[in-house]
Structures are given as C-alpha cells and as structure tokens.
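Trainee: I would like to learn how to read features off a model. Can we start with the backbone and work inward?

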Amino acid sequence: VLQISKDDVTALQCKVVCLIQNGNFKEALGIINTHTKVLTSDVIAFEKAYCEYRLNRIESALKTIQSASQQTDKLKELYGQVLYRLERYDDCLAAYRDLIRNSQDEYEEERKTNLSAVVAAQSTWEKVVPEDLGLREATYELCYNSACALIGQGKLNEAMKKLQKAEELCRQSLSEDSDVTEEDIEAELAIIHGQMAYIMQLQGRTEDALQLYNQIIKLKPTDVGLLAVIANNIITINKDQNVFDSKKKVKLTNAEGVEHKLSKKQLQAIEFNKALLAMYTNQADQCRKLSASLQSQSPEHLLPVLIQAAQLCREKQHAKAVGLLQDFADQHPANAAEIKLTMAQLKIAQGSVTKACMILRSIEELQHKPGMVSALVTMYSHEEDIDSAIEVFTQAIQWYQQHQARTNHGCCVFQPKSPVHLSLIREAANFKLKHGRKKEAISDLEELWKQNPKDVHTLAQLISAYSLVDPEKAKVLSKHLPSSDTMSLKVDVDALENSHGATYVRKKAAKLTGDNQQKEQGQGEVKKKKKKKKGKLPKNYDPKVTPDPERWLPMRERSYYRGRKKGKKKDQVGKGTQGSTTTGSELDASRTASSPPTSPRPGSGAAVSAASNVIPPRHQKPAGAPATKKKQQQKKKKGAKGGW
C-alpha cells in the first residue's frame, strides 16, 4: 500500500503499530517523525508517546501527552505511568483516582495495583503516611505493595506477614496454570523473597538475610533492578569485611538498564556505597572521584562530604578534614548541626577536648538538649573546667525559662516548669554540691522546693546543704520535714521476716549474739585482768648493741647488701675430662690424702707414710659425678634414637 501511496495515513499507522508489537520502538518513532505532516498529534499521539516511554525518553513522552488535543483513556493510562517514572507521586495518585472513578472495564484490577504502588512509593521515599484506600488485597501484587507501604512506616512485623500472604497467593495463582513450572514460580517469587530479606536485614537478622539474598542471586533473575538492589544490600552487610565479595557484587549494580529500573534515591544509595567500598579497599582516587561526583549532583547532601572527610582521616589529614567540614557548614547552615557533630568527634579523637566543646556549643539548636548538656558537662569535668560546666547548665536553664516566657506571655498566673527544666536544675544542683559550690547549689534547690513543697528529697538536700553554710537556717527548714508517724510505711512485718534473705540475716545475727553473750558471761565470772606475755628475744641478743633498723627487710632489700661472694670451691675434683682433675698435678700413689696445701719437699717422709690410703684416680668419686654420669647417659639415649 505504501509503495502505491507513501503518505497513506492508515497504512503508516498500521506499520507503526506492527513495529511496536515487535518491540522495534526506535524504528516506529523514526517513521512517526519522518511523516509529521501526515501523522499529526491528533492521529498518532499515543503511539508516539508510548515509543518515547519505552525508549526511556520520559520527559519527551510527557510533552507529547500534554500536547495532544484530546486526552483519551489510553493517554491517561500512559500519563499515570510517566508521572510514576518521574516520581511525581501526588500527580500520579490523582491521575489514577480519576481513571478508576471514570472507567469501567476489565483493567480495573491493574489500575488498583498501580494506585497501591504509588501509595507505597510515597510511604517509602517521601515518608508520607498512606491513607486507607479501601483496596481489597485479593492478589499477590496488592499484598506486596501493601507490605512495601508498611515498611516505609517502620511496621516491619506487619509487613512480613503481608509478604508471607503475598507469597501464598502467588503460588496459588501460578500453580493453576499447567504451563508454569516450579522455576517460573520461584522466579516470580524472587522479588517477594528479596523484600523479606530486606526486612530481616532491618531487624538485625543479617545471617538469614544474607542467605536469602544469595539464594535469589543463584536463580539468576532477569530483572536487573532486583539484582542491583540485592547486590547493594549484600555490600551494606559486608561493610569493611569480605571486600572481595563486595567487589564482585558491585558489577551487578553496573548492569545495563539499571538506571531506568530504580528510583533516584536507590541509585544514589548505590553510588554512596560504591564510594565507601572504594575507601575500604584503599582506592583513594576512586573514592574522591565518586564522592565529588555525588556532591556535584546533590550539593546539600551530607554523605558526599562526610565520605571525603573520612578518606582524609584515613590518610592522617585530620586538619584538612576539619577544614572541609567547616567550609560545608558555612555554605549550608541548614545541615550545619550534623557536620559540627562530626567535627567535634574528630577533635576529640585528636585529644582537643576544649575545641570540641567550643564546636558543640556553637550548635544553637542543640544547646538546651539534655544529651548535649550532659556531654558538655562530662567533657568540661574531664578537663577540670568546672566554671564552664556550670555555665552550660545555666545557659540551658535560661533557655527553658525564656521559652516558657514566650509561650505564656501576657499571663500572670504561676506556671509550673517542664520536667526537662526541673531535671536540669536538679542536675545542676547536684553537680555544684559535688564540686563545693554550696551557695549556688542552695539557690537551685530552693527553686526546686518552691516548685514542689511536698518533695521531701529536695528538702533533705536543701537542709544538708544549709548545714554546711548556715546551720541555723538548716534547723528552721528541718521543721518542714514530716514527722516519723506520717512517714511510717505499711509493711507486713511477718512476711518480711519470713522471707529468704531475712531468715539468713536473722540466723547470722542470732549466732553472733549468742557468741557475744557467752563472752559476756565468761567475763562476768572471771574478772581477772589478762597479763600480757613478754616477747621472746633472740638467744644472741645484746641489750648494749642497737638493733639493726633494717632487720625486718629481706636481706636483698637492705642498704648494705652487696650480693653473695663467689668463693672458691673446696673440692675441684671431677671438673674437666673424665679421669682428670683441675689441679695442676696428677694424683698417684706417691701423694697422701692428708698432705698440707703446700707441696712437700722432695725426700720428705710424709708422702710415704700414708701411701696405702690413697684411692686411685679411676675409683675416686668427685663431687657431682653421679649427676654428670646420668646426663651423659641421657645424651647417649637421645643420640641412639636418631642415629641407630
């Protein structure tokens, strides 16, 4: 037909529809753009917008839909899909509500599913509390979307139950079709199981979540978006551990078409994790490159600058990291609080506690918070700067006073202080008492007592403080203490005495009392005074000689100890080789055992007289010989194991 009439509108329109049915969206769009004079927007607006939508040209599709002269039902359906992809959830919700209200056909269930998906996206990404649409959760898609909305609200247990119901409905609906295999069912359930694993991860059940994530990856699902999300979640579980596995999983997040399957926040989270993984794997340049790219895309976002600061700290450039954070805080005052908290953390890590306190006190919106007050007081106390700690208390108390004055302006009636305000005053009083600031503590305690005159604990503290400064005032205040009769407690004495702990204490007390009574009776019978025994003196005690003042110390610790003197051994026989002696002369029958130390003169009779009493050298037993013999035998045995 087109060969006969190349501008035939019906033939061109049929060809475009055929190309769309075959998935040739680019070719179909080319024909539409080539024949713009014939195929006007009134004729083929839907086909053109649909091709642009499938080619991920979402902005162009939106313009094509809006430029159509007549908004048909199919254009409205496509308009809702385009708005969802552009993450304009409020407009998308309104579009689907209008469609459901004004259309009656067999696609009503699909429209309700899309409507529930929009509500789930609002709850997850915009933290909007979803309204009850009154949708009957008869399909597993509706149950799944409802579970996603519950996850956005933090209702994890309810969301898990919804997912289990969705899994059951999915199995039932797919098992009715005989052509569907078990593998097909598992592939369809993969997204439900992935959401279950995510809930487990949020609940801290990381081992169960990791096992389920890996099971899904083994199925090799065709949805690249699902694989990218699962891989990212596994990386978050690994953190700085198992980085080689994380490197493998990162490849799944780089698959083609992932950017068209995920929301902007999901893609941003993946990029953040890539930068952190580069930091953990010591790829400093890659980490800086990724974090700089993220910062250019979202200049007000905190994470890119925090990642850069963390990388600088790993490189031991703490001063540069603090400077980077300070610049960001100056440029973005709205996010300065969290940045300054990080700066204070870095200063504490460097040991600059005073500078950290200065940074924390510069965060005006947190100065009065009990947690901030507690942290500052603790840090100042560590630095022994009590005046600054008291100043922190004073500023926080004044803030609550001013805030109360603003909320109750024009009112003369006495207004009670808030619990936080009173708690700060009490903590300030306790701190001042602890550090000797009694007069300042008294003024705080008096203010507390005025707020609640029936508070006996505060009154007791006030009397205790006055007793150290003004005893007379303490006596006057003590009159306000309740009498002992009013303070009596309704206690079941019998039950208390029969309790396990009381029985043990009573038995022990009775035993001690019995022993004391026996001692008193014995002392009453014998009233003689005990004589002190004289201490025993050593046998060689000389009263004329002054005792050694260091006699109670061990010998080695005494000032005059010089160590043991190494004297010559009396018997040197047995040293050296077997059968020899260390003395210069040999033992023979001509020497006597009782000869004097000096060698006898030749010809003297002393050497001959005792010749028969000398033991020959081979029979002589020198000192230490048996031990030496045993050692030699042991050495021979050891050698026999290896050599024989």
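Mentor: Begin with a loop. N56 sits in the loop between α3 (41–54) and α4 (58–67). Keep in mind that this is a predicted model.

Trainee: What is phi of N56 near?

Mentor: Phi of N56 is near 65°, a positive value in a residue other than glycine. N56 counts as partly exposed because its relative accessibility is 30%, between the 20% and 50% cut-offs.

Trainee: Where does K239 lie?

Mentor: K239 lies in the loop between α12 and α13. Its phi is positive, about 55°, although K239 is not a glycine. K239 is exposed, with a relative accessible area of 53%.

Trainee: Next, side chains. How many salt bridges does the count come to?

Mentor: The rule needs a side-chain nitrogen of Lys or Arg within 4 Å of a carboxyl oxygen of Asp or Glu. By this rule the count comes to 18 salt bridges. Take R88 and D91 as one case: their side chains meet in a salt bridge at 3.0 Å, N to O.

Trainee: Are R88 and D91 buried or exposed, or in between?

Mentor: R88 is partly exposed, at 32% relative accessible area. D91 is also partly exposed, at 36% relative accessibility.

Trainee: Are K432 and D444 buried or exposed?

Mentor: Both are buried. For D444 the relative accessible area is 9%, and buried means under 20%.

Trainee: Which residues is D444 in contact with, leaving aside its neighbours within four places in sequence?

Mentor: D444 is in contact with I425, A428, A429 and K432.

Trainee: Now empty space. How is it found?

Mentor: Rolling a probe the size of a water molecule over the atoms shows where empty space is left. A search of the whole structure finds two cavities of 30 Å³ or more.

Trainee: What volume does the largest cavity have, and which residues line it?

Mentor: The largest cavity has a volume of about 40 Å³. Its lining is R361, Q367, L376, V392, Q395 and A396. Helix α21 (residues 386–407) gives the most to that lining, with three residues. By class, the lining has three nonpolar, two polar and one charged residues.

Trainee: And which residues line the second largest cavity?

Mentor: N232, I235, V250, T253, I270, N273 and K274 line it. About 30 Å³ of space lies in this cavity. Three helices each supply at least two residues of the lining: α12 (224–238), α13 (243–253) and α14 (264–280). The largest share, three residues, comes from α14. By class, the lining of the second largest cavity has three nonpolar, three polar and one charged residues.

Trainee: Last, annotations. Where does UniProt place the feature "repeat: TPR"?

Mentor: UniProt, in an unreviewed entry, places that feature at residues 190–223. Then check the record against the coordinates. Over residues 190–223 the chain is 76% helix and 0% strand. The end C-alpha atoms of this stretch are 10 Å apart.

Definitions and conventions. Residues are numbered from 1 along each chain as its sequence is written. This is a predicted model: local features need pLDDT of at least 70, side-chain atom pairs count only at pLDDT 80 or more; totals for chains, interfaces and linings use all residues. Side-chain values use heavy atoms; hydrogens and water are left out. UniProt positions are given in the numbering used here, feature names are shortened, and annotations may be inferred rather than shown by experiment. Helices (H or I, at least four residues) and strands (E, at least two) are DSSP runs, numbered from the N terminus. On a 1 Å grid over the protein atoms alone, a cavity is a set of points where a 1.4 Å probe fits but cannot get out, and a pocket is an open set with protein on both sides within 12 Å along at least five of seven lines; lining residues have an atom within 4 Å of a point. Grid points are joined across faces, edges and corners, and a volume is the space filled by probe spheres set on the points. Ala, Val, Leu, Ile, Met, Phe, Trp, Tyr, Cys and Pro count as nonpolar, Asp, Glu, Lys and Arg as charged, and the others, Gly among them, as polar. Buried means under 20% relative accessible area, exposed over 50%, partly exposed in between (1.4 Å probe, protein chains only). Contact means heavy atoms within 4.5 Å.
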